[in-house]
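Please consider the structure shown below, with attention to its charged side-chain pairs, its pocket and its backbone geometry. The report that follows takes these topics in turn.

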Amino acid sequence: MTGSLTTWVVAAVRRNIQEFYLDISAVKISRFPQCLFTCTSLIKLELKLGGNSSIIILPASMDLPRLTFMKLDSLPSDVNLTNRLFLKCPVLEGHLGHMDLQISSLTLKHLQIVDFVSKTSSEVKIDAPNLVSFKCRDYMSKWYVLENLASLVTADIDMRATKEEAAKIKDYIKNNWLLLSALSSVKELRLSEGVLAICSMPKSDIPDSEEYWAGVSPDHLRSVEIRGLTGQFNNELKFVEIMFKKAVILETMVLFSCKKSMTDKRLITFREKLPTLPRASSNVATFLI
């Protein structure tokens with residue numbers, strides 16, 4: 001950082017700033033003043049950095065006791081760097097994007113990952129036993145490894161594919177099955193249609209949806225939401241049917257149809273078949289919008 005920018009940061013901290021946004025994406029080497037990462041008044045921190053080509057130097061001592069929201073765009077792939085940040089923010093909610101990532105945190109409770117800059121070889125590893133909510137907006141090519149998520153209550157997953165990735169989408173089936181398997185203990189689950197589509201594709205080392213849910217009964221699931229339905233029987237209707245059969249305390253099933261498919265014959269048939277599906281829970285309310 002330049003001397004003038006450092007002076008500006010120090011002045012802001014001295015005024016007990018609560019929200020701080022900084023864009024230094026064009027800088028190759030960034031050395032932050034220590035006061036920014038020991039600011040006791042800071043609640044919200046957003047940093048737009050330079051990605052894998054940059055070098056981020058954090059101060060030796062960090063303590064952000066009131067920080068509840070941190071957004072990091074283009075953070076370099078550095079496990080020690082990310083873990084140091086999370087460990088020194090005891091009440092943090094994370095919002096991360098555009099990076100390879102590995103997080104191991106006992107304090108993290110809320111995490112959002114938003115990354116629509118596709119990187120086929122990139123990987124995300126998360127070990128957060130006290131994580132309560134997880135929201136992910138990413139590409140199917142990303143490899144997710146999620147561990148120790150027994151405390152997870154809500155999961156909101158939207159996985160997409162670029163035009164280039166769509167041609168080899170079967171290569172990503174295992175990635176997404178592992179992601180879905182890791183979320184098997186959640187109470188509220190939101191999925192995009194793309195997640196269901198890729199998980200329905202056949203692959204020798206991946207069980208079909210019926211076999212998978214036979215071994216992992218979603219008896220804890222109270223709410224399911226699916227967006228972008230097109231009325232496909234081989235994945236969408238099958239998944240809904242399994243949820244109805246297995247989720248004994250399910251209370252709400254909300255299905256949002258794709259606007260382009262609202263008059264499609266498949267969706268009309270889907271709507272007609274929906275009330276005929278058997279339900280394990282007698283109290284479940286179903287909405288197809």
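Glu-251 is partly exposed at 40% relative accessibility, where buried means under 20% relative accessible area, exposed over 50%, and partly exposed in between (1.4 Å probe, protein chains only). The model is a predicted one, in which local features need pLDDT of at least 70 and side-chain atom pairs count only at pLDDT 80 or more, while totals for chains, interfaces and linings use all residues. Residues are numbered from 1 along each chain as its sequence is written, and side-chain values use heavy atoms, with hydrogens and water left out.

Glu-251 has a salt-bridge partner in Arg-222, with 2.9 Å between the closest N and O atoms. This pair joins distant parts of the chain, 29 residues apart: Glu-251 lies in the loop between α7 (233–246) and β15 (252–257), and Arg-222 in the loop between α6 (209–215) and β14 (223–229). Helices (H or I, at least four residues) and strands (E, at least two) are DSSP runs, numbered from the N terminus. Arg-222 is likewise partly exposed, with a relative accessible area of 37%.

A salt bridge here is a side-chain nitrogen of Lys or Arg within 4 Å of a carboxyl oxygen of Asp or Glu. By this rule there are eight salt bridges, including those tabulated here.

| Salt bridge | Closest N to O | Accessibility |
|---|---|---|
| Glu-46 and Lys-44 | 3.4 Å | Glu-46 buried, 18%; Lys-44 partly exposed, 28% |

Ser-192 is buried, with a relative accessible area of 10%. Although Ser-192 and Arg-227 are 35 residues apart in sequence, their C-alpha atoms are 4.9 Å apart in space. The side chains of Ser-192 and Asp-158 are joined by a polar contact of 3.3 Å. A polar contact is a pair of N or O atoms within 3.5 Å; within protein, one must be able to donate a hydrogen and the other to accept it, and residues adjacent in sequence count only if both atoms are side-chain atoms.

The largest pocket holds about 260 Å³ of space. Of its 17 lining residues, those closest to the centre are Asp-158, Leu-191, Ser-192, Glu-193 and Arg-227. Two or more lining residues come from each of β12 (154–160), β13, α5 (193–199) and β14, and β12 gives the largest share, five residues. A pocket is an open set of points on a 1 Å grid over the protein atoms alone, where a 1.4 Å probe fits, with protein on both sides within 12 Å along at least five of seven lines; lining residues have an atom within 4 Å of a point.

What is the phi of Asn-16? Its value is positive, near 60°, in a residue other than glycine. Asn-16 lies in the loop between α1 (3–14) and β1 (19–23) and is exposed, with a relative accessible area of 54%. Asn-148 has a positive phi of about 55°, although it is not a glycine. Asn-148 is placed in the loop between β11 (143–147) and β12 and is partly exposed at 47%.

Key
Points joined across faces, edges and corners; volume = space filled by probe spheres on them.
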